[in-house]
Amino acid sequence: MSTALSSLIRHIRANRIVSVFHEESRLWNLRAIVNWYRDFTADLVRSKNRYKALLRYRGNFETSTSIYDKRELLDTFEISEERFVAEKLFYQIEHQQEAKDAYEHKFAPLAKQWPVIKRLTSIPGISNIRA
């Protein structure tokens with residue numbers, strides 16, 4: 001008999017197994033969406049950092065956030081492999097930004113359904129997602 005199985009049997013006999021409650025509510029679904037949004041935003045930030053590092057490697061030290069909208073910066077890559085990587089990162093950032101905007105659009109009606117979120121968003125600096 002495996003050690004895991006024998007351990008389980010001992011716990012059952014000693015009545016040490018406790019049931020776990022999993023909430024199935026709208027709030028649980030809202031939390032799930034917020035967690036996915038946070039993960040997605042972290043991926044977007046990583047993509048932007050990679051793209052910016054590639055631009056810096058090519059000598060472009062522009063610090064504004066508008067570099068993620070400027071397609072003409074792709075022309076600064078002379079080596080085809082670097083240009084290929086830069087183009088893929090650029091398009092990835094574009095699509096991730098569109099998806100992020102869709103998430104934020106989804107949060108607006110959800111936030112109106114919850115009075116707690118309404119009150120929290122009335123505080124300056126607190127958005128629907130943070131609330």
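Arginine 46 is partly exposed because its relative accessible area is 41%, where buried means under 20%, exposed over 50% and partly exposed in between (1.4 Å probe, protein chains only). Welcome to a predicted model, in which local features need pLDDT of at least 70, side-chain atom pairs count only at pLDDT 80 or more, and totals for chains, interfaces and linings use all residues. Residues are numbered from 1 along each chain as its sequence is written, and side-chain values use heavy atoms, with hydrogens and water left out.

**Salt bridges**

- The structure holds 6 salt bridges, each being a side-chain nitrogen of Lys or Arg within 4 Å of a carboxyl oxygen of Asp or Glu.
- Arginine 46 pairs with aspartate 43, their closest N and O atoms being 2.3 Å apart.
- Both of these residues, aspartate 43 and arginine 46, lie in helix H2, 3 residues apart, about one turn of the helix; helices (H or I, at least four residues) and strands (E, at least two) are DSSP runs, numbered from the N terminus.
- An α-helix has 3.6 residues a turn, so residues three or four places apart point the same way.
- Aspartate 43 counts as partly exposed, at 32% relative accessibility.
- Asp75, Arg83 and Glu87 are linked in a network of salt bridges.
- Arginine 83 and glutamate 87 both lie in helix H3, 4 residues apart.
- Aspartate 75 is exposed, at 55% relative accessible area, whereas arginine 83 is partly exposed, at 26%.

**Nonpolar cores**

- The largest nonpolar core has 13 residues, of which Tyr51, Leu55 and Ala86 touch the most other members; such a core is a set of buried Ala, Val, Leu, Ile, Met, Phe, Trp, Tyr and Cys residues joined through side-chain atoms within 4.5 Å.
- Helix H2 (26-57) and helix H3 (80-113) are the elements that give two or more residues to this core.
- Apart from this core lies another, of 5 residues, among them Leu30, Leu110, Trp114 and Ile117.
- Alanine 86 is in contact with Tyr51, Leu54, Leu74 and Phe77, leaving aside its neighbours within four places in sequence; contact means heavy atoms within 4.5 Å.

**Helix H3**

- The 34 residues of H3 should span 50 Å at 1.5 Å a residue, and its end C-alpha atoms are 51 Å apart, which agrees; the expected span is 1.5 Å times one less than the number of residues.
- Among the buried residues of H3 are Glu82, Gln96 and Lys100.
- Lysine 100 counts as buried because its relative accessibility is 19%.
- Not counting residues up to four places away in sequence, lysine 100 touches Tyr37, Phe40, Thr41 and Leu44.

**Loops**

- Leucine 73 lies in the loop between H2 and H3 and is buried, with a relative accessible area of 8%.
- Beyond its neighbours within four places in sequence, leucine 73 is in contact with Tyr51, Leu55, Asn60 and Ile67.
- Asparagine 15, in the loop between H1 and H2, has a positive phi of about 60° although it is not a glycine.
- Asparagine 15 is exposed, with a relative accessible area of 66%.
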